[in-house]
Amino acid sequence: MRNDALKIFTAGVRAVQPQYLLPRHMRWQHQQLQLGDQLFKQPDINKVYIIGAGKASAAMARETEIILGSRIDAGFIVTKYEHTFPLKTIQCIEAAHPVPDDNSVQAGREMIRLLKNTTEKDVVIALISGGASALLVDCPPGILLSELQVVFSKLLQCGASIEEMNTVRKHLSAGIKGGQLLRTAWPATVVSFILSDVIGDPLDSIASGPTVADRSTFTDAWEIVRKYQLLDVLPVSIIRWLQLGLNNQVAETPKPDDPIFAKSFNYLIGTNRVALEAAAAMARELHYTPVIVTDSLQGEARDKAQELVAQLQRYEGPRPACLLLGGETTVTIKNAGKGGRNQEFALAAMIALQQAFPDNNQMPVLLSAGTDGTDGPTNAAGAVVDKGVLQLTAQRGLSPEKYLEQNDSWNFFNQVSGHIITGPTHTNVMDIIVVLIP
């Protein structure tokens, strides 16, 4: 059943890769450029620029070059290390994720430099995916990169949701996030194609919304910092900048009524729901009855794992079944182990499954993995729990509870052959959980 779970997960990931998505939304034919439902005639276009940021941006750029070819005048994208592709016209830089590095700042400078060249008859195509919040940054006046890195790290450790993290990040940017990139691109037309890695697919939060009007405020950012008790642990320069924003001494992020958005068009082309539906189709092909439980799973990973196992105990539908869940849980890191939210979810689920299904032969198989191929700061996309993992756990006398307590799920699954290793998938629509019920 493990192989079936892998096939189902892989089908979901494949469905949201750029080579399948972009050709449906972008084409050049009959001397016309079609981007979503926007149509541009060749005489009305001066230059076509490509910008992009995120884990999928290099794959999106490659597909854009295939579709548009020599019609691209210039471009610049930033992606995560080891996520690049050979490109002909579009320049690509690699940077760090989930905490920005010097290349992230350089990417911000280069993108702003490119956009400053745009004019009223230019068309800018933005290729946006999750991961861009760290990959593309700018340092507000008086704030060092090292101080921004502290903020990113603390937000990752405290259990904040991605939407909360991005609200803070948007208000620690003076020229990119929260729609601010549009100020530089104006008066060009900007058409964005977006892959969502945020629950509910709010365009202004995905990748910190560089091309989207921002609903959040400095007050929201301050409340999030306060909620997670970060006021006393963040650098003084960060607190000072947020206070300047609260006192209207630095500009707010641009809001929906700002004229810079008059020529901005945003298209959501890939979501977790799209991936789940493709996974369900593969499950049906493999003769399972698929049930999409949710595409909005969120909350503490170990708590949600226990809730799911309780659901499995109550399941009374057709068998064999495939339950599918999507979303993004969080982990509040309390100890110095190594892991990620998917591995922690799988480990917590394993403990609960052993208690709920003492007869291992009837125990469901559970896989939890990130569609981007990355789970936390590890080489794994996630982990699977099946009979083989249980047998190795017993043979080696391992205590899953101890590893969970230490937030050390990677080292646990590394010893029991439980890891899902995909490498970069060049897409990013949160996580997929596959449960096969015999």
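Biologist: If buried means under 20% relative accessible area, exposed over 50% and partly exposed in between (1.4 Å probe, protein chains only), where does Arg215 fall, buried or exposed?

Modeller: Arg215 counts as exposed, because its relative accessibility is 55%. Before we go on, this is a predicted model, in which local features need pLDDT of at least 70 and side-chain atom pairs count only at pLDDT 80 or more, while totals for chains, interfaces and linings use all residues. Residues are numbered from 1 along each chain as its sequence is written, and side-chain values use heavy atoms, with hydrogens and water left out.

Biologist: OK, and which side chain does Arg215 meet in a salt bridge?

Modeller: That of Glu163, at 3.6 Å from N to O, where a salt bridge is a side-chain nitrogen of Lys or Arg within 4 Å of a carboxyl oxygen of Asp or Glu. The helices (H or I, at least four residues) and strands (E, at least two) are DSSP runs, numbered from the N terminus.

Biologist: And Glu163, what does it count as?

Modeller: Glu163 has 31% relative accessibility and therefore counts as partly exposed.

Biologist: How many salt bridges does the structure hold?

Modeller: There are 15 salt bridges in the structure. One of them joins Asp372 to Lys55, with 2.3 Å between the closest N and O atoms.

Biologist: What about Arg273, which side chain does it meet?

Modeller: Arg273 forms a salt bridge with Asp295, at 3.3 Å from N to O. This pair, too, links distant parts of the chain, since Arg273 is in helix α11 (residues 272-285) and Asp295 in strand β10 (residues 289-297), 22 residues apart. Arg273 counts as partly exposed because its relative accessibility is 32%.

Biologist: Which residues are joined into one network?

Modeller: Lys170, Asp214, Glu252 and Lys255 are, through salt bridges that share partners.

Biologist: Switching topic, where is Thr84 found?

Modeller: Thr84 is in the loop between β5 (74-80) and β6 (90-95), and with a relative accessible area of 35% it is partly exposed.

Biologist: What does Thr84 touch, not counting residues up to four places away in sequence?

Modeller: On that count Thr84 touches Ala58, Thr79, Cys92 and Glu94, contact meaning heavy atoms within 4.5 Å. Gln311, by comparison, is 227 residues from Thr84 in sequence and 40 Å from it in space, C-alpha to C-alpha.

Biologist: Last topic, how many residues has the largest nonpolar core?

Modeller: The largest nonpolar core has 55 residues, a core being a set of buried Ala, Val, Leu, Ile, Met, Phe, Trp, Tyr and Cys residues joined through side-chain atoms within 4.5 Å. Ile51, Val78, Val168, Leu172, Ile238 and Leu242 have the most contacts inside this core. Beyond its neighbours within four places in sequence, Ile238 is in contact with Ile143, Glu147, Leu148, Val151 and Leu172. Another core, of 54 residues, lies apart from the largest one, and its members include Leu22, Val48, Ile67 and Leu68.
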